[in-house]
Amino acid sequence: MSKLDYCFSNDYMVLRPDRAGAFELMHLLFSPKVGRNKAVDCFTSTELHSFRRRLAIFLNLLLQLFLLSLVGPVVAVLGGALEFALNLASNVLHGRMEYPDRKSASYRSITGFIDPRVDLERSITPADSRYHAALCVMASKVAYENEAFIRDVVTRRWQMEFVQFFNCWNEFENEYTAQAFVFCDKPADAELVVVAFRGTPALDVARWCADLDPSWYKIPRLGRAHAAYTHALGAQRNIGWPKWVEHVKGKPQRVYAYYAIRDAVKRLLEANGRARVLVTGHGSGGALAVLFTTVLAYHKEKAALDRLAGVYTFGQPQVGDAMLAMFAERNLDRPRKRHFRITYGDDPLPRLPHESSAAHFLHFGIRFHFDSLYNLKVVKELPGDVSSSLSPAEFATSRINAAWELARSVYLGYWRSAYCREGWLLLAARAAAVALPGLPFHRVQDYVNAITLAGSNIPKDM
């Protein structure tokens with residue numbers, strides 16, 4: 001990519017691990033002239049005199065290089081083999097003596113095997129204040145699966161109307177990096193339209209790096225936005241976020257997430273006069289969800305925003321700065337609160353990306369935080385609050401927390417709810433996670449448990 005690719009922004013900083021050699025890394029440590037560093041795309045006149053910020057960029061590039069060059073190929077091979085083996089074993093156990101087909105309705109991701117629940121909790125009815133959150137968290141979980149699997153769950157298990165699955169093109173990475181699906185609660189005269197974005201797959205190292213990457217653009221009238229999520233949602237080279245854009249000519253399968261999903265939602269709202277919209281996602285899917293609705297406001301899509309019932313995100317990383325936060329709150333939380341950011345335990349993803357300057361990334365909105373006993377605390381985070389970082393003491397206690405989670409999960413299904421009963425694979429993953437503190441806390445099953453056990457504390461809106 002050339003610097004012309006970013007001309008839609010009047011200020012930006014994009015890290016380039018693909019161009020980070022030994023000289024570029026050393027240059028970051030000893031020279032404030034980052035604009036002349038090949039590993040950092042920004043205006044050539046840009047200087048960073050803070051050694052702490054340059055060190056943070058240095059360490060981030062080093063980590064991305066390590067993950068992409070060494071861990072990535074190994075994880076891809078082992079992850080593919082594990083997923084295939086689990087699906088083959090499942091076929092045999094269910095009497096299907098057939099080769100696993102990645103596109104079939106019976107093929108599950110690793111996330112789907114760790115927590116096989118797909119049914120909605122029957123005790124949570126549409127009249128329950130938790131209903132929107134419960135529907136969203138399960139949609140966020142199912143979003144990790146393939147199209148056929150999702151279609152089967154929505155139509156057969158939930159008795160709802162599957163609308164469309166989106167596999168969306170990233171203009172900057174020349175890859176499909178955003179997936180989402182849309183469904184309605186009824187085939188006709190729907191009352192709810194739900195958009196669920198897929199989060200980072202369990203063993204997709206490239207997407208891990210995107211979550212870690214502190215790159216950003218400053219977009220006029222909007223503020224600084226996370227570069228990787230801006231790319232994935234369909235920003236265009238040179239022109240950024242125009243209100244209208246054509247999909248890739250001659251390649252109809254290459255659609256851009258924001259534009260394709262926005263148009264689908266608008267058609268559904270026109271056809272269903274009473275319908276309201278829910279937008280959701282787990283992890284990076286949550287980041288895409290809140291950014292999607294923020295860009296709707298940026299383009300003044302008032303008809304869609306007026307019928308927005310809520311944005312529910314689970315373990316969402318940070319998406320922008322104080323200016324973007326104030327813009328989002330002004331449009332999503334007035335006249336009532338509609339952005340609900342739900343976190344659990346010591347989930348590390350909401351702390352990402354790590355950036356030593358709070359001017360670039362922070363959280364905003366209403367935060368519903370669940371501890372490892374699924375007790376709820378409601379926190380109001382104001383634009384400008386500095387997000388906490390993981391301290392050495394917190395890192396040390398996370399191993400104890402992981403051991404506690406394992407013990408808790410053994411009896412949770414018998415003590416609180418049969419719906420929360422965990423299988424052997426999930427318990428094995430929790431046992432392995434005792435040696436890897438921090439990692440167990442981003443699993444989507446804990447968010448499903450939290451919403452299920454929350455009682456009447458999760459509102460539909462405020």
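**Strand pairs and a helix crossing**

Trainee: Which residue in strand 2 is the bridge partner of Val-14?

Mentor: Asp-41 is the partner of Val-14. This is a predicted model, where local features need pLDDT of at least 70, side-chain atom pairs count only at pLDDT 80 or more, and totals for chains, interfaces and linings use all residues. Numbering starts from 1 along each chain as its sequence is written, and side-chain values use heavy atoms, leaving out hydrogens and water.

Trainee: What makes strand 1 and strand 2 a pair?

Mentor: Pairing takes at least two DSSP bridges. Strand 1 (residues 11–15) and strand 2 have 2, in the antiparallel sense. Strands are DSSP runs of E, at least two residues; helices are H or I, at least four; both are numbered from the N terminus.

Trainee: Why is strand 2 called an edge strand?

Mentor: The open antiparallel sheet has the order 2-1-6-7. Strand 2 (40–41) and strand 7 (223–226) each pair on one side only.

Trainee: How many bridges join strand 3 to strand 4?

Mentor: There are 9, and the strands run antiparallel. Cys-168 stands opposite Ala-178.

Trainee: Why are helix 8 and helix 9 called roughly perpendicular?

Mentor: Helix 8 (residues 257–271) and helix 9 (residues 284–298) pack at about 75°, axes 11 Å apart. Angles are taken between N-to-C directions, from 0 to 180 degrees, with axes fitted to C-alpha atoms over the stretch in contact. Roughly perpendicular covers 65 to 115 degrees, so the helices qualify. Contact (heavy atoms within 4.5 Å) involves Tyr-258, Ile-261 and Arg-262 of helix 8 and Phe-292, Val-295 and Leu-296 of helix 9.

Definitions and conventions. Parallel < 35°, antiparallel > 145°, perpendicular 65-115°, else oblique.
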